[in-house]
Structures are given as structure tokens and as C-alpha cells.
Amino acid sequence: MARVLVTGSNRGIGLEFTRQLLARGDDVLAACRAPEQAQALHELAHAHPQRLTITAVEMADEASIAALAAAADAHFSGLDLLINNAGMNVRGERMGTVRGQDLQATLRTNAVGTFLLTQALAPLLGKGERPLVANISSQVGSIARTSGFHSPSYAISKAALNMASVLLARGMAAAGVSVAALHPGWVQTAMGGPHAPLPVAESVAHLLRTIAGLTLADSGRFLDHDGTPMPW
Ligand SMILES: NC(=O)c1ccc[n+]([C@@H]2O[C@H](COP(=O)([O-])OP(=O)(O)OC[C@H]3O[C@@H](n4cnc5c(N)ncnc54)[C@H](OP(=O)(O)O)[C@@H]3O)[C@@H](O)[C@H]2O)c1
């Protein structure tokens, strides 16, 4: 039974991670912005009363991140898996009219918040069993695959998250903590939109299989949901 913290757990990929982790017997601390409104999580908590705890986090807010790290410390004696899943994407950005506030908010949520949360949880991860950090990145953050001016705020934030993943991998290697940046595929969620080909349950099943196969030797890699290496 792994001890797992999932951010952005109230819907989409994060909710499905929570569902599948509970189904396999894990102990989950599920963080989201508005726990009182997280209906689907409360239904899961009802079905798994001892193994799911719902807590709050706003990833754009440093004090909230510190509070989540403290809550995790009080809840678990060690953390085996941190799934940094919460993320945002600003739609409809065009060359010439990209707004600083959108760039900053996206960078803060997707990269800065993820880095700070992981850093704050490093001591607890150091007490985990084969501890691993899964940063849910995106192929949009791949510089090598960038073919046009698409979703700049999001792309910049995910490229930054990829660098954060490598730096955190190096920074926590001595403590035995692995870090991977993982692309979930183009997934059927609110963010993925109506044309996404991959059902969320399939993406998460692949991601969990890939995560289960990772060792310290894989730390600092950027992988697709099925474990295929992604170009930086
Ligand atoms: N879907 C895809 O095709 C796809 C592809 C590549 C990568 N990804 C990545 O996969 C992850 C999950 O995406 P998804 O498809 O499940 O998207 P989603 O359905 O839009 O869900 C996003 C989740 O992140 C949370 N979130 C957003 N901003 C936050 C903040 N500032 N603080 C705390 N939580 C915040 C949302 O909470 P609220 O409900 O409070 O807004 C929600 O739980 C993201 O990192 C995304 O970039 C998705």
C-alpha cells in the first residue's frame, strides 16, 4: 500500500489517478482548490473511508503550498508517490496579444508551484518507500516538437516544469527520490477538449504502469504515458 499525494484531484486526470490508486489499495491524500465542492472526491471518500483524505491547495499561492506540505507531514510518516498533476492552460492566445498576467499565472501554477511543493515535501519523500515524484508535463513543453505558435503560456510553463523535473531529480538523488516528467497523452478531459482521442482511464492506467516500472536510474527522464522517451 503506497502513500500518495495527488494535486488537482477533483476532476480530469487527477480524479482518475485518485480513483485508480484507491482501487489498487493505496492511501491517498487528495489536494484540490475547493474541497467542499469536490463532489466526486467525497463519493470516493465515502466508498474508501480510511484511505482517502481530501485537503486544500491553491498551487499559485506559496502559503497554501506550505500548508499542504504541513498537512502531508501530519498525515503520513513518509511519502511514496507525489503526483504533481494540477495544471492550467489559457485558451485562444495569439502572437502579438499574449498577456503578461496569463503567462505569469500559468508559469506560477504549472512550474513554480510544482517546484515549491516538491521542494517542501522533499524531507517526507526522503522517508518514503522507493519514493517517486511524477510531474504531469505535456508534449507541448517539448522544445524539439514545437512546430508553431501554439499555447505559448502553457508551452513555456511545461518546458519550465521539464527543467524543474531534471533539477529536482538531481537535487533529491542523494535522498533516493526519483523524479520523472510524464506526458499523459491527449486525454478526454476539460483541458483535452472534445476531440481528444485517449480516455482518461486508459491514460492513467498507462501512467501508473509506467510509474511502477521506474527506478532511480530513470530519474530525470521525460516519458510518454506508455513509457516511451519524449524528446526535450
Ligand atoms: N488533457 C490533456 O490532453 C493533457 C495533455 C497533456 C498534459 N496534461 C496535463 O495533465 C494535468 C491534468 O490535466 P487535465 O486534463 O485533467 O485538466 P483539467 O480537467 O482541466 O483539470 C485540471 C486540474 O488542475 C487543477 N488546477 C488548475 N489550476 C490550479 C491551481 N492554481 N491550484 C490548484 N489546482 C489547480 C484544477 O482544479 P479546479 O477544478 O479548481 O480548476 C483541476 O483539478 C495538467 O497538468 C495538464 O497540463 C493534460
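1. A backbone N or O atom of I13 lies 2.8 Å from an oxygen atom of the ligand. This is a polar contact (a pair of N or O atoms within 3.5 Å; within protein, one must be able to donate a hydrogen and the other to accept it, and residues adjacent in sequence count only if both atoms are side-chain atoms). The protein buries 92% of the 890 Å² that the ligand exposes when taken alone. Those areas are Shrake-Rupley values with a 1.4 Å probe; for residues, only the protein chains shown count as cover.

2. A word on the basis. The model is predicted, so local features need pLDDT of at least 70 and side-chain atom pairs pLDDT 80 or more, while totals for chains, interfaces and linings use all residues. Residues are numbered from 1 along each chain as its sequence is written, and side-chain values use heavy atoms, with hydrogens and water left out.

3. The ligand has 28 residues around it, with N10, R11, E58, Y154 and T189 the closest. Two side chains deserve a look. A polar side-chain atom of N10 sits 2.6 Å from a ligand oxygen. For Y154, a side-chain N or O atom is 2.5 Å from an oxygen of the ligand.

4. T7 belongs to strand β1 (residues 3-7). Strands (E, at least two residues) and helices (H or I, at least four) are DSSP runs, numbered from the N terminus. T7 counts as buried because its relative accessibility is 0%. The cut-offs are under 20% relative accessible area for buried, over 50% for exposed, and partly exposed in between (1.4 Å probe, protein chains only). A polar side-chain atom of T7 is 3.0 Å from the backbone nitrogen of N85. Beyond four places in sequence, T7 is in contact with residues including G14, M59, I83 and L117; contact means heavy atoms within 4.5 Å.

5. Where does N110 sit? In helix α4. N110 is buried, because its relative accessibility is 1%. Its side chain places a polar atom 2.9 Å from the backbone nitrogen of M88. Among the contacts of N110 beyond four places in sequence are A86, Y154, S157 and L161.

6. V112 lies in helix α4 (residues 100-125). At 38% relative accessibility, V112 is partly exposed. With L107 and I156, V112 makes a nonpolar surface patch of about 210 Å². Patch members have over 30% relative accessible area and no salt bridge; like charges are joined within 9 Å, nonpolar side chains (Val, Leu, Ile, Met, Phe, Trp, Tyr) within 5 Å.

7. How many salt bridges are found in the whole structure? There are six. Each is a side-chain nitrogen of Lys or Arg within 4 Å of a carboxyl oxygen of Asp or Glu. R3 pairs with D80, the closest N and O atoms being 2.9 Å apart. This pair links distant parts of the chain, 77 residues apart: R3 in strand β1, D80 in the loop between α3 (62-75) and β4 (81-84). R3 is buried at 17%, and D80 is buried at 7%.

8. E16 and R19 form another salt bridge, 2.8 Å from N to O. Both lie in helix α1 (residues 12-23), three residues apart, about one turn of the helix. E16 is buried at 8%, whereas R19 is partly exposed at 37%. R24 and D26 also meet, at 2.6 Å from N to O. Here R24 is partly exposed at 43%, and D26 is buried at 3%.

Terms used. Near = heavy atom within 4 Å.
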